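Please look over the model shown here. The walk-through below takes a few of its features in turn.

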Amino acid sequence: MSVLQGILHTYSQFFEWDMWVKVLSDPVSWGLIGTLVILEGLLSADNALVLAVMVKHLPPEKRKKALFYGLLGAYAFRFVAIGLGVYLIELWWVKALGAAYLAWLAIKYFIDKHKGGGEGEDEAEGINQKGLLIRMFGTFWGTVASVELMDIAFSVDSVLAAFGVSNEVWVLLIGGMLGVLMMRGVAGVFLALIDKIPELETTAYILILIISIKMFAGVLFHYELEPLYFFIILLFTFGATFIVHFINKKKEVSKENG
């Protein structure tokens, strides 16, 4: 019964006015929310392209509907995942597994990059129109179901990263909800940004590694980094990204002129 009460207490916090006031009046909370949104956008830019490819076989007027229904489902999943996660993340072994998974994501990215590989090379093939979901629910609703499952798969990484950034319920909820919207509505902006500053993609995975280390520190040494200091680290990481980009650009110009 205590488990159920804990989960219900978590959901009840979503509707507490005092928490709204506290979060929305705290600059550090807004900084963390902004970090979650940017991180979500950087990680999900390519995912948005995958979703666009998944609905391309539908008539133009139905593509937006399929993505919209998938968006509603993504919001519902985030609400459930964050509500349960706030309770479950207090269990040390859940936090340890989450930290290990995030570390694996980051390490895999750098290994693939070193090998010259990349994520998503085979993902642009589109949806299998003879697949089980299409046969069960028809072309349109089968596509919606596929988009929803893909949204859930993409959300796992983001939700775990969010719990590494903050355990504040409203920070997680606002950041998560805005993050989903960013993935669907402003994905093109992030893709253009990554094209212009390719180092940002690497930065996203460096942040995931930092978040993983932060979570491990909490599990192994019971050390919780203050939100303000964590935010300063994030700002420093983004600042270093632009410096590295400027240096790389300068080297390219020197090579072209030389």
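What follows covers a charged pair, a surface patch and a pocket.

The model is predicted. It holds 1 salt bridge. Side chains of opposite charge can pair when their charged atoms come close. Here the partners are lysine 108 and aspartate 112, whose side chains meet at 3.1 Å, N to O. Both belong to helix α5, which spans residues 92-115, and because they are 4 residues apart there, about one helical turn separates them. Lysine 108 has 31% relative accessibility and therefore counts as partly exposed, since that class lies between the 20% limit for buried and the 50% limit for exposed.

Helix α5 also takes part in a nonpolar surface patch, to which α4 (60-88) and α5 each supply at least two residues. The patch is made by Val80, Leu84, Leu88, Leu91, Trp92, Trp93 and Leu97, and its area is about 690 Å². One of these residues, leucine 84, is found in helix α4. Its relative accessibility is 32%, so leucine 84 counts as partly exposed.

Helices α2 (17-24), α3 (27-54), α6 (132-165) and α9 (199-221) are the elements that give two or more residues to its lining. The lining consists of 19 residues, and those nearest the centre of the pocket are Val165, Ser166, Asn167, Glu168 and Pro227. By class, the lining residues of this pocket divide into 9 nonpolar, 6 charged and 4 polar.

Conventions:
Residues are numbered from 1 along each chain as its sequence is written. This is a predicted model: local features need pLDDT of at least 70, side-chain atom pairs count only at pLDDT 80 or more; totals for chains, interfaces and linings use all residues. Side-chain values use heavy atoms; hydrogens and water are left out. A salt bridge is a side-chain nitrogen of Lys or Arg within 4 Å of a carboxyl oxygen of Asp or Glu. Buried means under 20% relative accessible area, exposed over 50%, partly exposed in between (1.4 Å probe, protein chains only). On a 1 Å grid over the protein atoms alone, a cavity is a set of points where a 1.4 Å probe fits but cannot get out, and a pocket is an open set with protein on both sides within 12 Å along at least five of seven lines; lining residues have an atom within 4 Å of a point. Ala, Val, Leu, Ile, Met, Phe, Trp, Tyr, Cys and Pro count as nonpolar, Asp, Glu, Lys and Arg as charged, and the others, Gly among them, as polar. Patches are made of residues with over 30% relative accessible area and no salt bridge: like charges are joined within 9 Å, nonpolar side chains (Val, Leu, Ile, Met, Phe, Trp, Tyr) within 5 Å. Accessible areas come from the Shrake-Rupley method with a 1.4 Å probe; for residues, only the protein chains shown count as cover.
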